[in-house]
Amino acid sequence: MTVSGNLGARVDLVVDAVPCALVVLERDGSIGNCNAAARHLFGVDASPSSATDLFNPDGAGDLHGRLRAGERPSVVTRVTRSDGSMIDVQIDAEPVFDESGDYLGAVCSLRDVTTELAAAAELHERQRLMERLSLAVRDINADLDLQAVFDRVCESAASLVKACGSGLAIVEGEEAVCVAEWNAGPALVGARWRADGGLIDEARRTGEPAQAGNIHAFAPSAARLPELAGMRTVFCVPTIHNGRSIGALYLLFEEEDLRLSLNELDVLELLAAHAGAAFENAREHAEVVKAQARQQAVVDATADGMALLDAAGNITSWNAAAESLTGVPEHEAIGAPPPFFVDLGRGAVAHQLPTGRWLEIIASAVAGTGERVLDFRDITAAKRLDEARDLFLATTSHELRTPITVVKGFAGTLLHRWDELTDVERREAVSTIVHRTESLAALVDQLLLGSTTDAGFQLDTTAFDIGVALRGALAGFEALSDGHTLVLQVPAGLPKVAGDRGSLDNVVAQLIENAVRYSPDGGEVRVVASREGDHIVVSVSDDGIGISDDDAQLIFERSYQAGAGDSRPFGGLGLGLYIVRRLIEAQEGRVRAYGTVGAGATVEFTLPVAADRVPLYVPPARAVR
């Protein structure tokens, strides 16, 4: 703009009529004129000199220098009004030059932007708070541990509004309990108070933040916490999830009658809402984890091996029993196929591991996932029992058939050829029938005793002299074999034993019969009694074919015999030593065998020294199913 003459005088009328605040600057920087709107802005009368004192655009830089250089600056600065208050003013200046280009001054348009800047500052603050809230929510949602969620909520809330401390209370029935704190003292956690009445009740009832200047509004126990002694203001924000208030978030401040901005209150409400959702998520996750832990505990505690296979047939879960049954540790099993064949279509399948252990495997498909659940158990004992039963039946049939065939044959001979036979021949035939019948009766007795042993029986426990009992048991065996000599060694002074006197005859008889049977070339059969601690030990030894270590571990099992099978050199059902073990163990004793192949064997049993005892009931042998 170019004019001539005194600029202030020429534009006075125009400037004063303009509705926006205008200030005319002379070339020396003084105010040549200001219109009514400008005077109203400064709070002064019509005197330009008084306006000159007020128009000091701090922060505008070298305004006059910029104008002289021909710039059209637009700046925002603080201006002090006549009453001392400060306002934010935006100045848009237009330089004025004459025809020769000399700087004459400038016309400045002023606008009060205090409200705009305040709104912009508030918007910026809200944006800043929202960004921090977003980060806080991300951290909260990143953790599913319930206590970690609580702690993060407290710390984030205090950080957002620069609180001195914070706490989180959860409502349980009619009580509120503090579950977490930040900078409010660990002793606060666990404090309980009634949920009705007070600050938390007000916040939950209205659904909006509540404020109190009394620290006791936080919790009844706060009074005894020195960490809270300096706190003078408490804000309570309800934590709401799905329309239901589940607790409250507390903010503690040292300032008295502090007021939070609307932005801060909004952010706290949003945080509390996220906290409620995170709390429910974490709680549901905790319940799922607990349920999974319970299920896993059941799986781990079961004696059955259990495994879960993915769609590719690889193991994703392997319990402790599976590791124990197969010998494959979990870290090796996971991600690999099972160490045995799996067939979905055959139901229960028996499989023998390289270790010799037998497993019964059941595979079930998981609908819709392609996964498979394997359940497997140890059936080795059942397999052995089946094998033993088959052998028992076969042996029994064989052993019974022989004497029955002989008896039948001689009985038939007597029936059809009685008149043709001499008295000597008849007597020999009857003698053979009697002998074979006695063998058959002994065989049946063994079968009955074995069955009775498994079913359980009552023992008549008394105190008796072991020496007298042994001498009586051996009396009937003196003429058992011409090639064997029975030797009994019982030292004087042995105490009485506690047991069933009648069963001792069966035990000793079985052991002596075995000693004679397994020493076919004759020799001594030695029965020796001695004391070891609070037990009497009785051993029966021979000089026969001996016994291997493996057989010594198994001969007391039902239907087991050393050399059993087609190569078995001696008859019998394999029940004798099984019955011996059951009888001795029923009397609180133990039995074992040892020896050397080709150099004889020894079987010994123990009975306790007599004391005050009651009759014992022997439970049935445990069946393998």
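This note walks through some side-chain and sheet features of the model above.

1. Ground rules. The model is predicted, so to speak of local features a pLDDT of at least 70 is needed, and side-chain atom pairs count only at pLDDT 80 or more, while totals for chains, interfaces and linings use all residues. Residues are numbered from 1 along each chain as its sequence is written, and side-chain values use heavy atoms, with hydrogens and water left out.

2. Aromatic pairs. Rings of Phe, Tyr and Trp (its six-membered ring) pair if their centres lie within 6.5 Å; planes under 30 degrees apart are stacked, over 60 edge-to-face, and the rest tilted. The count by this rule is 4 aromatic pairs. One of them joins W318 and F376, a tilted pair with 5.9 Å from centre to centre and 40° between the planes. W318 belongs to strand 13 (residues 315–318) and F376 to strand 16 (residues 372–378), so this pair ties together parts that are 58 residues apart in sequence. Helices (H or I, at least four residues) and strands (E, at least two) are DSSP runs here, numbered from the N terminus.

3. The ring cluster. Please look next at F340 and F376: their ring centres are 5.0 Å apart and the planes stand at 65°, so the pair is edge-to-face. This pair also links distant parts of the chain, with F340 in the loop between helix 10 (330–333) and strand 14 (349–352), F376 in strand 16, and 36 residues from one to the other. Together, W318, F340 and F376 form one aromatic cluster.

4. A charge over a ring. R426 lies over the face of W418, 4.7 Å from the ring centre. The rule asks for NZ of Lys or CZ of Arg within 6 Å of the ring centre and within 35 degrees of the ring normal.

5. Strand 13, which holds W318, runs antiparallel to strand 12 (residues 305–309), and 3 bridges join the two. Strands pair if DSSP finds at least two bridges between them. L309 has I315 of strand 13 as its bridge partner. There are 5 residues between the strands of this hairpin, and G313 takes a positive phi near 90°.

6. What is the strand order of the open sheet of 5 strands? The order is 19-21-22-24-23, with mixed pairing. Strand 19 (484–489) and strand 23 (591–595) are the edge strands, each pairing on one side only. On average, neighbouring strands are turned by 15° against each other, direction ignored. Axes are lines fitted to C-alpha atoms, for helices over the stretch in contact, and angles run from 0 to 180 degrees between N-to-C directions.

7. Strand 22 (residues 535–542) and strand 24 (residues 601–608) run antiparallel and are joined by 7 bridges, with S539 having E604 of strand 24 as its bridge partner. Helix 14 (residues 501–517) packs on the sheet and touches strand 19, strand 21 (523–532), strand 22 and strand 24; its direction makes about 170° with that of strand 24. Contact means heavy atoms within 4.5 Å.

8. Helix 16. This helix (residues 576–586) is mostly covered, with 10 of its 11 residues buried. Among the buried residues are L577, Y578, I579, V580, R581 and R582. E588 follows helix 16 and has a positive phi, near 65°.

9. Salt bridges. A salt bridge is a side-chain nitrogen of Lys or Arg within 4 Å of a carboxyl oxygen of Asp or Glu, and the count by this rule comes to 16. D543 and R526 meet in one of them (3.1 Å, N to O). D543 sits in the loop between strand 22 and helix 15 (549–554) and R526 in strand 21, so this pair ties together parts that are 17 residues apart in sequence. D543 is partly exposed, at 43% relative accessible area.

10. Further charged pairs. D83 and R81 form a salt bridge (3.3 Å, N to O); D83 is exposed at 54% relative accessible area, whereas R81 is partly exposed at 21%. R417 and E420 form another, with the closest N and O atoms 3.3 Å apart. R417 is partly exposed at 40%, and E420 is exposed at 58%. Finally, a network of salt bridges links E172, E175 and R192.

Terms used: Buried < 20%, exposed > 50% of the residue type's maximum accessible area, 1.4 Å probe, protein only.
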